[in-house]
Amino acid sequence: MTSTWVNKIKWFVILVLIQGVIISQVQVSRYAVPLLYVVFILKLPSDTGRKSLLFYSFLIGLCVDVFGNTPGLNATASIWLAMARPQLLRWQTSRDAAETFVPGIKSMRIAPYFRYVFPSVLLHSAVLNVVDAFSISKTTDIAIATLADTVVTVVLIMIIEFLGRKK
Amino acid sequence: MRNILDFLIKYSHWTLFVLLQLLAAILLFRFNSFQGSVWFTSASEVTASVTKVAAEVTHYFGLEKMNRDLTERNVYLMQQLEYYKELVGEKKYDNDSLMVIQGMQTMVRTDSSVVVIKNPPTMMDRSFVVCPARVVNISVRRLDNYMAIDKGESSGVRTGMGVISGMGVVGIVCRTSENYSLVLPVINSGSSISCKIARTDYFGFLKWEGGDPLTAFMTDVPRHAEYEIGDTVVTSGHSTVFIEGIPVGTVASKDESDDEMSYTLEIRLFTDFGRLNDVYVMALPPREELKELEKDIKY
C-alpha cells in the first residue's frame with residue numbers, strides 16, 4: 001500500500017516536472033505539444049474509483065497549468081478524460097477480467113491498449129484545444145492542433161510503454 | 001426524498017465533476033484580468049524556483065548565439081560612439097558646454113574625453129533605473145503568452161513597470177511575488193503598447209493576434225500617416241511605462257483596417273521571444289500629476 005502511494009507521488013512529480021519545465025519550454029513546433037502527463041491518468045489502476053480518478057486528474061492538470069500560466073485549462077481537459085476513462089477502459093478489456101490491473105501493453109496487449117490510449121488522448125486534447133481557443137470560428141485550427149497533439153502524445157506514450165516493458 | 005438521495009449518492013461523481021469544472025472555469029476566467037494573484041502562475045515562488053534551475057541549464061546552450069549578438073551590438077555601439085564623437089568634435093563649445101542632439105538628449109561634456117548622455121533639463125525628473133533580470137519561464141506558442149523573470153518585489157520590481165531586452169521592447173510586469181515577476185509580453189493578445197514610426201512620428205498601438213511570435217501589428221495608424229516598408233517603429237513615450245525611442249520592430253506590410261479610418265501595419269518585431277534570456281526591468285518615476293489628469297478625463 002505504501003509503495004504504491006510512494007510510486008504514485010513519484011510519478012506525479014516527475015511527470016509534472018517533465019511537462020512543465022522541459023516540454024513547455026522546448027519549442028518543437030507551433031502545433032503539436034506532447035501532453036505526456038496524461039499517462040499518469042491513463043495508468044492509474046483499473047479499480048480506482050471515479051471520484052479519486054477525478055481528483056487526481058484535476059490535481060495533475062492544475063499543477064501543469066501553474067507552470068504554463070493557464071490555470072484551469074489542463075485541469076478541465078483532465079477531468080473530462082477522468083469521466084470518460086472507466087468506459088473507455090471497459091470497452092477494451094474482456095468482461096470476465098475481474099482482477100485489478102494497471103493499464104499497459106503487458107496487461108492488455110498492444111492493440112487493445114492502443115485502442116484505449118488513442119481515444120483517451122484525442123478526447124483530452126480536443127477539450128484542451130477547444131477551451132483554449134474558445135471560439136468556433138477557428139474550427140480548422142482547433143482540429144489541426146488537436147490531431148497533432150494527439151498523434152505526438154500517443155506516439156510518445158507507446159514508445160515509453162515499449163521501453164518500460166523491456167526492463 | 002429517498003430517491004433523490006439515492007440518485008445523488010449513485011451519481012456523486014457527476015457532482016464532483018461539475019464542482020471541479022466550475023472551479024477550473026473560475027480559474028480560467030479570473031486569470032485574464034490584468035492584475036490578480038501571483039499564486040497560480042509560473043512566477044509564484046515554488047514554480048519559479050523550479051523553472052529557474054532548468055533555465056540556468058538551458059541558458060548555456062544559447063551562449064554561443066548570445067556572444068555573437070553581443071559582438072554585433074558592440075560593433076554597432078562603437079559605430080554610434082564614433083558618430084557622436086564626430087558630432088561633438090565638429091561643434092565649438094562655449095563655457096557651458098551643452099549641446100542638444102535631435103532635440104531629445106543632451107550631451108554634457110565633462111572633460112575632453114568623456115561624454116555623458118543625460119536627459120535634457122526639462123526631462124530631468126524622468127531619469128530611470130534599470131534592473132537586469134533573467135527569464136525563467138516563457139511560452140511563445142499560445143495566444144496569451146506569459147513570461148516569468150527572476151526579479152520581484154525584493155528588487156523593487158512593481159506591477160506596471162516596463163521590460164526591455166538588448167533587442168527591443170519585451171512587455172509589462174503584470175504580477176509580482178517576493179523574488180519573481182510575471183510579465184505580459186508583446187506576444188499576448190491582451191498587450192497594447194503605445195508606439196510610433198520613428199522617422200515620421202505617427203502614433204499607433206502595438207498589438208498581437210497570435211501566430212508568429214515575430215509578427216505583431218500596429219493599429220490605429222491615421223490614414224494620412226507617412227511610412228515606408230522597413231521604417232523603424234519605436235515606443236512613443238506617451239505612457240508611464242516606457243521612455244521614448246525604445247526599438248520595437250520594422251514595418252513589414254500594410255493591412256487595411258475594417259473601419260477604413262486607420263491603417264493597421266504589420267510589424268516585424270526586433271525581440272525574438274523564442275530565445276530571450278536576459279531582460280531589463282525599467283522603473284520610471286511615477287508621473288502622479290499625469291495620472292491624476294488622466295483619471296479626471298476618463299468619463
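This is a predicted model: local features need pLDDT of at least 70, side-chain atom pairs count only at pLDDT 80 or more; totals for chains, interfaces and linings use all residues.
1. Overall make-up of chain A. Chain A holds seven helices and zero strands. The chain has 167 residues, and 41% of them count as buried.

2. Contacts within chain A. Take the contacts in chain A whose partners have a separation of 6 or more. Residues 24 or more positions apart account for 66% of these contacts.

3. One loop residue in chain A. Leu35(A) sits in the loop that links α1 (2-23) to α2 (38-42) of chain A. Is Leu35(A) buried or exposed? Leu35(A) counts as buried because 24 C-beta neighbours lie inside 10 Å, and the cut-off for a buried residue is 20 or more. Leaving out residues up to four places away in sequence, Leu35(A) touches His124(A), Ser125(A), Asp149(A) and Thr153(A). Ile14(A) is 21 residues from Leu35(A) along the chain, and the C-alpha atoms of the two are separated by 14 Å.

4. The contact between the chains. Chain A gives 21 residues to this contact and chain B gives 25 residues. On the side of chain B that touches chain A, α2 and α3 of chain B each supply at least two residues. The largest share of that side comes from α2(B), with ten residues. Sorted by class, the side of chain B that touches chain A has 13 nonpolar, eleven polar and one charged residues.

5. A helix pair across the contact. Two packed helices are described by the angle between their axes and the distance between the axes. Helix α4 (residues 73-91) of chain A packs with helix α2 (residues 12-30) of chain B at an angle of about 165 degrees, and their axes are 8 Å apart. Angles over 145 degrees count as roughly antiparallel, so α4(A) and α2(B) are roughly antiparallel to each other. Their crossing is left-handed.

6. Residues of the helix pair. From α4(A), the contact uses Leu73(A), Ala75(A), Thr76(A), Ile79(A) and Met83(A). From α2(B), the contact uses Phe17(B), Leu20(B), Gln21(B), Ala24(B) and Leu28(B). By class, the contact of α4(A) with α2(B) has eight nonpolar, two polar and no charged residues.

7. The barrel in chain B. Which strands form the closed barrel of chain B? Six strands do, in the order β4-β5-β8-β7-β6-β15, with antiparallel pairing. On average, neighbouring strands of this sheet are turned by 45 degrees against each other, direction ignored. Helix α3 (residues 45-59) of chain B packs on the sheet and touches β4 (129-138) and β5 of chain B. The direction of α3 makes about 90 degrees with that of β4(B).

8. Strand β5 (residues 147-149) and strand β8 (residues 181-185), both of chain B, pair in the antiparallel sense over three bridges. Here Met147(B) stands opposite Val183(B) of β8(B). Strand β15 (residues 278-283) of chain B pairs with β4(B) in the antiparallel sense over six bridges, and Pro132(B) stands opposite Tyr280(B) in β15(B). Strand β6 (residues 162-164) of chain B is joined to β15(B) by three bridges, and the two run antiparallel. In this pair, Ile164(B) has Tyr280(B) as its bridge partner.

Key: Residues are numbered from 1 along each chain as its sequence is written. Chains are lettered from A and ligands numbered from 1 in the order in which they are written. Helices (H or I, at least four residues) and strands (E, at least two) are DSSP runs, numbered from the N terminus. A residue is buried if 20 or more other C-beta atoms lie within 10 Å of its own, exposed if 12 or fewer, and partly exposed in between; C-beta atoms are placed from the backbone. Two residues are in contact if their C-beta atoms, placed from the backbone, lie within 7 Å. Two strands pair if DSSP finds at least two bridges between them. Axes are lines fitted to C-alpha atoms, for helices over the stretch in contact, and angles run from 0 to 180 degrees between N-to-C directions. Angles under 35 degrees count as roughly parallel, over 145 as roughly antiparallel, 65 to 115 as roughly perpendicular and the rest as oblique. A crossing is left-handed if the near helix is turned anticlockwise from the far one by less than a right angle, and right-handed if clockwise. Ala, Val, Leu, Ile, Met, Phe, Trp, Tyr, Cys and Pro count as nonpolar, Asp, Glu, Lys and Arg as charged, and the others, Gly among them, as polar.
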